[in-house]
Amino acid sequence: MSRPHHKRSRRPLVLGATAVAAALAGGLLITLPGGASAAASGLADDFNGDGYRDLATGAPGAVAGGKAKAGAVVVNYGSSSGISAARHKTTSQTSSGVPGDSEASDRFGTELAHGDLNRDGYGDLVVGTPLEDVGSDADGGSVTILWGGSSGLSGGTSISDPNASGHDRFGQSLAVGDFTGDGKVDLAVGSTGKDVWIFKGGFTKSAGAAGKLRFDAQIESGSYPNGAVQLAAGDFDNDGADDVVVGSSAGNFVYLGASTGPALQTEVGPGYASALTAADFDRDGHDDLVVGTDSPEVLDQTAEGGYVTVFHGGAAGVDTTRSTVFTQDTAGVPGADESWDLFGSTLAAGDVNGDRYPDLAVGAVFETVGSASHTGSVWVLRGSASGLKATGAQSFNQGTSGVPGANEPSDMFGDAIHLADHNKDGRADLSVGAGGENSDDGAVWVLRGSTGGITTTGAVSFGAGSVGIGKSGDDPMFGDVMSGS
């Protein structure tokens, strides 16, 4: 059945170089039960420390503790054979050691981000629950860190809202990076207010952040979709401190990282960004910023069905004079620009073919394929010495040969996308969520990276029931969000 599109905060997080370095520095010796010792991998998204990157997916509409739409998150563990449904762990606020309680319509797992926050070598998962009621504060929102360890995620710590009376939906956007340049991973949190909070590393399980900084962005405050709807991290000026990008209904703004807190550098892109991500696509030492514009305004004639803009990084930060636009009408990009495709609704970056240049995945959740409206598609654009290019671009949907399933109305294939190497072959795999699959049960697909790009050979797909999430008369929307997408 057809479902109206609702603007949602995305999590297009790619760690900048300094954040990755800080995460890798956390590869400490961990004492395991029985006296054995093993070195955790230090990978920011390796939650059990076995050296394989894991996949974290939200099911914000899942029943938990018997409560409708309480929400849950699922980690599928990487391995030499990649991601599978069998190797997973599902966590909700009903799980032992997780702060709070599963309550109706909390939607735990609406936002996700990851990083080794306490520098123990294990990746940790940050969960935003912006619709959670906090005491008498309706939709006050909450942020929870789920801690990685040798058995995966276990227990959690709440991050207190420093300005609960000044905004709602605390945790509606998240980003992880070293924003102060001290070598420790920090956490940025947005809300419906102008205030964006940087919680400083290193974190501890007992006390949370080591400190906090506030900066007020050049954005509108008020009810959703005001405030910081998007947050992303990248080191655009290559100074060793990650910069933070704030996306809002009033525009998108780049703040350069500094020991005293982020400072405004520039405004980027036209109007509201549906998604943001960052990576060094041309490997010049400066991260580049990608802005998705899935619903162009009436006066914006760039493309009817949405587009993405790549802004190059440089010595001063994001260079708004050097940019490249991609649409479905760009030569080399499969498909055609059509009204309400929502091309650019989701973004993710990673090296799919092992050439050391990051590539870009782009989702269009309302793309019509054949007679199936809003079924969704995903594209992959190639990185190169000259930056992102459309030459050799690939596209995928449930009708692509080798992709399990079939195109059906309102599947929203590409509702979340993620690029990471889950089998340690040196090439990023493409994970795709479709929150609308099977009447909003939701499902996830994983397509392998290869020297020729993404391949459908050995493609894997699994639904909510395969990871212990039942419909129970509700709409779990498993695959609606992925950490790092």
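These legends walk through several close-up views of the structure above.

This is a predicted model, so local features need pLDDT of at least 70 and side-chain atom pairs count only at pLDDT 80 or more, while totals for chains, interfaces and linings use all residues. Residues are numbered from 1 along each chain as its sequence is written, and side-chain values use heavy atoms, with hydrogens and water left out.

View 1. Helices (H or I, at least four residues) and strands (E, at least two) are DSSP runs, numbered from the N terminus. The C-alpha trace spans about 55 × 50 × 45 Å along its principal axes. Of the 485 residues in the protein chain, 61% are buried. Here buried means under 20% relative accessible area, exposed means over 50%, and partly exposed is in between (1.4 Å probe, protein chains only).

**View 2. An open sheet of 4 strands.** Follow the order β5-β4-β3-β30, where the pairing is antiparallel. The edges are β5 and β30 (481–482), and each of them pairs on one side only. Two strands pair if DSSP finds at least two bridges between them; β4 and β5 do so over 4 bridges, in the antiparallel sense. Look for Val-75, which stands opposite Lys-89 in β5. A handy thing to remember while you look: in a regular strand the side chains alternate between the two faces of the sheet.

**View 3. A hairpin made by β24 and β25.** Strand β24 covers residues 377–382 and strand β25 covers residues 389–396, and they pair in the antiparallel sense over 4 bridges. Arg-382 stands opposite Lys-389 in β25. Between the two strands sit 6 residues. One to pick out is Gly-387 in the turn, with a positive phi of about 100 degrees.

**View 4. The salt bridge between Asp-45 and Arg-53.** A salt bridge is a side-chain nitrogen of Lys or Arg within 4 Å of a carboxyl oxygen of Asp or Glu, and by this rule the count comes to 5 salt bridges. In this pair the closest N and O atoms are 2.8 Å apart. Asp-45 counts as buried because its relative accessible area is 4%, whereas Arg-53 is partly exposed at 28%.

**View 5. Asp-50 meets Arg-87 in a salt bridge.** The N to O distance here is 4.0 Å. This pair links distant parts of the chain, 37 residues apart. Asp-50 is in the loop between β2 (37–39) and β3 (55–59), and Arg-87 is in the loop between β4 (72–76) and β5. Asp-50 is partly exposed at 31% relative accessibility, and Arg-87 is partly exposed with a relative accessible area of 33%.

**View 6. Arg-427 and Asp-425 form a salt bridge.** Their closest N and O atoms are 3.6 Å apart. Arg-427 counts as partly exposed because its relative accessibility is 22%; for Asp-425, also partly exposed, the value is 29%.

**View 7. A patch of negative charge on the surface.** Gathered here are Asp-101, Glu-103, Asp-133, Asp-139 and Asp-168. Patches take residues with over 30% relative accessible area and no salt bridge, joining like charges within 9 Å, and nonpolar side chains (Val, Leu, Ile, Met, Phe, Trp, Tyr) within 5 Å. Asp-101 lies in the loop between β5 (88–91) and β6 (111–115). Asp-101 counts as exposed because its relative accessible area is 52%.

Notes: Accessible areas come from the Shrake-Rupley method with a 1.4 Å probe; for residues, only the protein chains shown count as cover. Lys and Arg count as positive and Asp and Glu as negative; His and the chain ends are not counted. The place of a charge is taken as NZ of Lys, CZ of Arg, CG of Asp or CD of Glu.
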